[in-house]
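These are my notebook entries on one protein model. I set down what I looked up, entry by entry.

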Amino acid sequence: MKILAVDCAGNACSVACMGDGIDIASIHREMRRGHAEHLVPMMAEVLSEAGIGAQSLDALAVTTGPGAFTGLRIGLAAVQGLALSSKLPVIGITCFDHVLASSNVDGPVLVVLETKRPDFYMQAFDASQNALFSPMAGDFDSLQTLLVDKPPEFTVIGDAAARFTEDASAMDLCFGEQADPEGDVKPSAVDLGRLAHQRIDKGQMPAIGAIPKPLYLRPPDVGPIAKPPRA
């Protein structure tokens, strides 16, 4: 089973060609901008290094969000183009599931992702990695409402874990401890490819032509320019 996995939803551009869950060839580059210029050449480079043509792939995998609007659109568009031209199924995976799969944490987990705003993107999982609520964008009050009768303390992971735990402590709140205060989990396309392979093994292969939808959780910060009022 050969899978090409793509992740550019955050501050990195990551591509991996996986064979039966094993990394054949991969590239991971940290970047805040430039995904549009780098992604397609990276996909071509990874396939070339792996010695695999698109026609030899069995599936594609891509992160669906939440994350940077531009990165999400670029990743989904690139994968959709390859899927349509090569007639490949696409496995869409949320950034919450991607981060969770990249960690080695036991017990309940709270995945917290950066919104670039005072609030957070959040989703909690129990010790068996079952979601305790749907992905959300919110603050501490909204999180407390969702966690009534849920595990009282989590291991906190994600690119906003440090800010989350610091802000919660400043407000005398405690939802858990950051997994690694020295450095957070940094998911890559290799982790994404492994997770996609696991889902295929469980019979979760999407139909060809079914393109995953982006998970935004909030509207974009920009919109159409308003027309000036008529004189």
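**Entry 1: helix H3**

I began with helix H3 (residues 95-102), which is mostly covered, as 6 of its 8 residues are buried. Buried stands for under 20% relative accessible area, exposed for over 50% and partly exposed for what lies in between, with a 1.4 Å probe and protein chains only. Helices (H or I, at least four residues) and strands (E, at least two) are DSSP runs numbered from the N terminus. I noted the buried residues of H3 as Cys95, Phe96, His98, Val99, Leu100 and Ser102.

**Entry 2: basis of the values**

I record that this is a predicted model, in which local features need pLDDT of at least 70 and side-chain atom pairs count only at pLDDT 80 or more, while totals for chains, interfaces and linings use all residues. Residues are numbered from 1 along each chain as its sequence is written, and side-chain values use heavy atoms, with hydrogens and water left out.

**Entry 3: the chain as a whole**

I counted 6 helices and 10 strands in the protein chain. The radius of gyration is 19 Å, close to the 17 Å that the globule rule gives for 231 residues, so the chain is as compact as a globular protein of that length. This radius is taken over C-alpha atoms, and the globule rule is 2.2 Å times the number of residues to the power 0.38. Along the principal axes, the C-alpha atoms fill a box of roughly 65 × 55 × 30 Å.

I found that buried residues make up 47% of the 231 residues. The chain exposes about 11,900 Å², of which carbon and sulfur atoms supply 52%; accessible areas come from the Shrake-Rupley method with a 1.4 Å probe, and for residues only the protein chains shown count as cover. Of the contacts (heavy atoms within 4.5 Å) between residues at least 6 apart in sequence, 64% join residues at least 24 apart.

I also looked up the charges: the mean positions of the 18 positive and 28 negative charges are 13 Å apart. Lys and Arg count as positive and Asp and Glu as negative, with His and the chain ends not counted. Each charge is placed at NZ of Lys, CZ of Arg, CG of Asp or CD of Glu.

**Entry 4: aromatic pairs**

How many aromatic pairs does the structure hold? I found 6. Rings of Phe, Tyr and Trp (its six-membered ring) pair if their centres lie within 6.5 Å; planes under 30 degrees apart are stacked, over 60 edge-to-face and the rest tilted.

Phenylalanine 120 and phenylalanine 140 form a tilted pair, at 5.8 Å centre to centre and 45 degrees between the planes. This pair links distant parts of the chain, with phenylalanine 120 in strand E7 (residues 120-125) and phenylalanine 140 in helix H4 (residues 140-146), 20 residues apart. Both phenylalanine 120 and phenylalanine 140 are buried.

Phenylalanine 120 and phenylalanine 164 form an edge-to-face pair, at 5.2 Å centre to centre and 75 degrees between the planes. Since phenylalanine 120 lies in strand E7 and phenylalanine 164 in helix H5 (residues 161-170), the pair ties together parts 44 residues apart in sequence. Phenylalanine 120 is buried, with a relative accessible area of 1%, and phenylalanine 164 counts as buried at 1% relative accessibility. I noted one aromatic cluster formed by Phe120, Phe140, Phe164 and Phe175.

**Entry 5: backbone geometry**

Most residues other than glycine have a negative phi, and most peptide bonds are trans. The peptide bond from glycine 65 to proline 66 is cis, with omega near 5 degrees. Proline 66 sits in the loop between strand E4 (59-63) and helix H2 (69-86).

Lysine 87 has a positive phi, near 55 degrees, and its place is in the loop between H2 and strand E5 (90-93). At 60% relative accessibility, lysine 87 counts as exposed. Aspartate 172 also has a positive phi, of about 55 degrees. I located aspartate 172 in the loop between H5 and strand E10 (176-178), where it counts as exposed at 72% relative accessibility.

**Entry 6: two single residues**

Is serine 14 buried or exposed? Serine 14, in strand E2 (residues 12-19), is buried, with a relative accessible area of 1%. Leaving out residues up to four places away in sequence, serine 14 touches Ala5, Val6, Asp7, Ile27, His28, Met42, Ser188 and Ala189.

Alanine 127, in the loop between E7 and strand E8 (136-138), counts as exposed at 55% relative accessibility. With residues up to four places away in sequence not counted, alanine 127 touches Gly107 and Pro108.
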